[in-house]
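Student: I have a model open and would like to learn how to read it feature by feature. Could we go through it together?
Tutor: Gladly; let us bring it up.

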Amino acid sequence: MAKTILKRVLQAIPVLFVVITATFILTRMVPGDPAITMLGPQASPDAVAELREQLGLNEPMWKQYIDYLLGVLQGDFGWSTSYNGDVMPLILSRLPATLSITMTGLIIAALVGIPIGVESALHQNSILDYVFMVVALVGVSMPIFWLGLMLVLTFSVNLGLLPAMGMGTFSNGVWDVVSHMILPVFCLATIPAATLARISRSSMLDTIGTDYIKSLRSRGIKETLVIWKHAFKNALPPIVTVLGLQIASAFTGAILTETIFSWPGLGTLIVNAVNGRDYSLIQGTVLFTAVVFVVINLVVDIIYAVINPRVSYEGGGQN
Amino acid sequence: MAATENKGSALGVEAQLEMVRRERKANNAWHKLSRNKMAVVGLVIVVVMVLMAVFANQLSPYDPNAIDMTNAYAAPGSEGHIFGTDNYGRDLLSRIIFGARISIFVAVGGTLVGAFIGVLVGLVAGFFGGLLDSIIMRVMDGMMSFPFVLLALILMTILGQGAINVVIALGIGNIPYFARVVRGQVHIVKNEEYCNAERVLGASPVRILFTHILPNAMSPIIVYFTLNVASAIISEAALSFLGMGITPPTASWGNILSGGRTCLRTSPHIATISGIFILITVLGFNLLGDGIRDVFDPKQKQ
């Protein structure tokens with residue numbers, strides 16, 4: 001297993017290299033001149049030329065790439081023109097806000113989605129199963145930003161129960177913080193919960209049908225023990241994989257959810273960077289999220305290898 | 001002649017033929033799909049939406065871009081406008097019908113582009129293996145590391161807004177997913193006996209790829225394609241919602257929804273109705289995709 005994990009870690013290195021390089025190329029392809037964007041359209045040509053020299057934009061492309069690589073490796077992501085500050089501290093200051101809603105959303109999704117999927121599998125083809133699965137299917141088919149708007153419409157506009165935008169502060173009491181989080185978290189939890197319910201159900205159905213579980217039952221072992229200790233444990237690997245994918249794709253949800261609820265996190269930072277053509281900030285945020293994605297995937301794969309010793313990467317099938 | 005009179009033996013022949021006929025029918029993918037109720041519902045939704053998109057000119061009661069400021073923000077059910085009107089007094093039903101055309105075109109187009117390139121990449125990587133496979137798959141992993149909407153958003157800033165550019169952006173974003181699905185299938189198929197036999201007989205790799213491996217990899221591709229159209233519809237809407245997709249006045253479900261956001265408090269019908277159409281269509285493609293998967297792979301029942 002140690003070999004499997006090592007192999008997987010080594011695999012992640014070229015992926016990181018691809019990500020870093022692709023980010024450089026993509027950012028260079030965004031149209032417009034960073035110097036003009038920074039100085040504004042009225043700037044004199046001399047000032048623009050001077051700034052271009054300062055930013056290293058007159059250097060040959062390979063030199064710019066090497067400088068960028070060295071910067072990234074030292075955690076230097078450049079200077080944000082629209083926020084007037086270093087990019088890295090800016091990203092780190094926005095990160096907690098994003099993590100607070102995405103992680104809470106995912107935890108709730110797991111706590112709701114997985115038991116629903118397991119219950120559905122245990123009562124396959126019952127009315128309960130049918131209702132759960134229809135709800136889950138609607139859940140995975142829902143555009144997250146539409147769900148967000150409908151939540152705002154119902155709970156803020158019509159019922160006036162919850163705030164529609166912004167983040168609460170603890171100085172206004174705990175309820176201020178919680179009430180601002182409810183709608184974004186609900187929004188972010190829905191799709192992962194539905195996806196987890198679907199995969200948990202199908203994975204449990206596969207496991208329950210095996211001879212191993214049948215023989216445990218025939219030996220008179222307590223049903224709850226059979227289900228949660230044996231069947232669920234065996235059904236877990238695909239569920240972990242999907243959970244990992246959901247963690248990784250939570251960021252896409254965060255971009256849209258934060259835009260709707262004006263949540264001051266990484267998602268709104270990226271949208272502002274793109275709209276304001278803040279090149280270093282685009283580069284920094286894109287690179288940051290992609291690197292986080294690679295690391296999360298790596299961790300999920302290692303967990304997967306630990307809970308499911310049969311797995312071996314690239315080997316295909318041998319024990 | 002005598003045999004037909006003799007009930008016993010005639011029944012034998014007829015019954016056998018009937019059995020063969022029934023068996024064929026039961027194994028026919030189309031028949032299997034038609035017995036799956038959920039899949040049929042999905043298929044009906046998809047067909048209705050596609051017909052709506054194709055016959056938008058005939059079905060639409062108004063010109064989707066006809067501005068009537070005196071009649072702006074009319075509520076649903078008001079005279080002549082079943083779904084009401086938007087901020088320019090344009091008929092919402094007409095815009096939804098024409099929006100179907102753009103949204104479905106972009107979703108299917110983007111998926112097609114991604115599928116075409118992704119399938120080729122996956123075939124090459126899976127078939128030739130070795131270093132080439134490693135390099136290709138690490139590049140694909142790298143592409144998948146960018147959150148999908150974020151990658152599409154950056155590509156849209158590079159390409160500029162517009163329907164064709166959304167197709168390209170979604171297409172590029174979809175490549176690694178198709179490549180992965182196909183590569184996995186190639187690995188399964190390429191060591192089958194008949195492929196080895198072809199190789200021994202001296203068939204070229206290209207021939208083996210396209211006459212044996214690709215057809216065998218087709219069913220997961222079709223399933224993935226259908227499910228992917230569903231998510232592409234949402235992605236187009238997301239891009240338009242972030243202001244980087246289809247530019248108004250051209251109607252797409254995403255930009256109608258986006259427009260509805262600004263007047264959510266006063267005229268909630270615009271965002272509500274456009275979102276419901278997105279939801280139903282995505283649901284339709286998801287049901288159909290699940291159904292097709294059950295037909296091709298009965299083991300993997302959802």
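Student: Where does A:Ser262 lie?
Tutor: A:Ser262 sits in the loop between α10 (223-261) and α11 (266-275) of chain A.

Student: What should I look for in its backbone angles?
Tutor: Most residues other than glycine have a negative phi, and most peptide bonds are trans. A:Ser262 has a positive phi, near 45°, and is a residue other than glycine. A:Asn125 also has a positive phi, of about 70°, although it is not a glycine.

Student: Is A:Asn125 buried or exposed?
Tutor: A:Asn125 counts as exposed, because 8 C-beta neighbours fall inside 10 Å. Its place is the loop between α5 and α6 of chain A.

Student: Which peptide bond is cis?
Tutor: Look at chain B: the bond from B:Pro248 to B:Pro249 is cis, with omega near 10°. B:Pro249 belongs to the loop between α11 and α12 of chain B.

Student: How should I read confidence?
Tutor: Where pLDDT is low, the predicted coordinates should not be read in detail. Chain A has an average pLDDT of 86, and 97% of its residues score at least 70. Within chain A, the mean is lowest in helix α2 (residues 34-39), at 76, and highest in α5(A), at 94. Over residues 313-319 of chain A the pLDDT is below 50, and this stretch has 6 contacts in the model beyond near neighbours in sequence.

Student: What is the order of elements along chain A?
Tutor: From the N terminus, chain A runs α-α-α-α-β-β-α-α-α-α-α-α-α-α. That gives 12 helices and 2 strands. The C-alpha atoms of chain A fill a box of roughly 85 × 55 × 35 Å along the principal axes, and buried residues make up 39% of its 319 residues. Among contacts in chain A between residues at least 6 apart in sequence, 71% join residues at least 24 apart.

Student: How do I set a record beside the coordinates?
Tutor: Take the listed span, then look at the model over it. In an unreviewed entry, UniProt lists "transmembrane region" for residues 12-30, 97-118, 130-157, 177-197, 239-261 and 281-307 of chain A. In the model, residues 12-30 of chain A are 95% helix and 0% strand, with end C-alpha atoms 27 Å apart. Residues 239-261 of chain A are 100% helix and 0% strand, and their end C-alpha atoms lie 30 Å apart. The unreviewed UniProt entry also lists "domain: ABC transmembrane type-1" for residues 95-304 of chain A. That span is 84% helix and 0% strand, and its end C-alpha atoms are 27 Å apart.

Student: How many residues does each chain bring to the contact between them?
Tutor: Chain B brings 36 residues and chain A brings 40 residues. On the side of chain B that touches chain A, α7 (130-144), α8 (148-159), α11 (205-241), α12 (253-262) and α13 (269-296) each supply at least two residues. The most comes from α13(B), with 8 residues. By class, that side of chain B has 23 nonpolar, 8 polar and 5 charged residues.

Student: Which residues have the most contacts inside the largest nonpolar core?
Tutor: They are B:Ala152 and B:Leu153, in a core of 161 residues. Helix α6 (residues 92-128) of chain B gives the largest share of this core, 17 residues. Beyond its neighbours within four places in sequence, B:Leu153 is in contact with A:Val274, B:Leu239, B:Leu242 and B:Met244.

Definitions and conventions: Residues are numbered from 1 along each chain as its sequence is written. Chains are lettered from A and ligands numbered from 1 in the order in which they are written. This is a predicted model: local features need pLDDT of at least 70, side-chain atom pairs count only at pLDDT 80 or more; totals for chains, interfaces and linings use all residues. A nonpolar core is a set of buried Ala, Val, Leu, Ile, Met, Phe, Trp, Tyr and Cys residues joined through C-beta atoms within 7 Å. A residue is buried if 20 or more other C-beta atoms lie within 10 Å of its own, exposed if 12 or fewer, and partly exposed in between; C-beta atoms are placed from the backbone. Helices (H or I, at least four residues) and strands (E, at least two) are DSSP runs, numbered from the N terminus. Two residues are in contact if their C-beta atoms, placed from the backbone, lie within 7 Å. Ala, Val, Leu, Ile, Met, Phe, Trp, Tyr, Cys and Pro count as nonpolar, Asp, Glu, Lys and Arg as charged, and the others, Gly among them, as polar. UniProt positions are given in the numbering used here, feature names are shortened, and annotations may be inferred rather than shown by experiment. pLDDT is the predictor's confidence in each residue, from 0 to 100.
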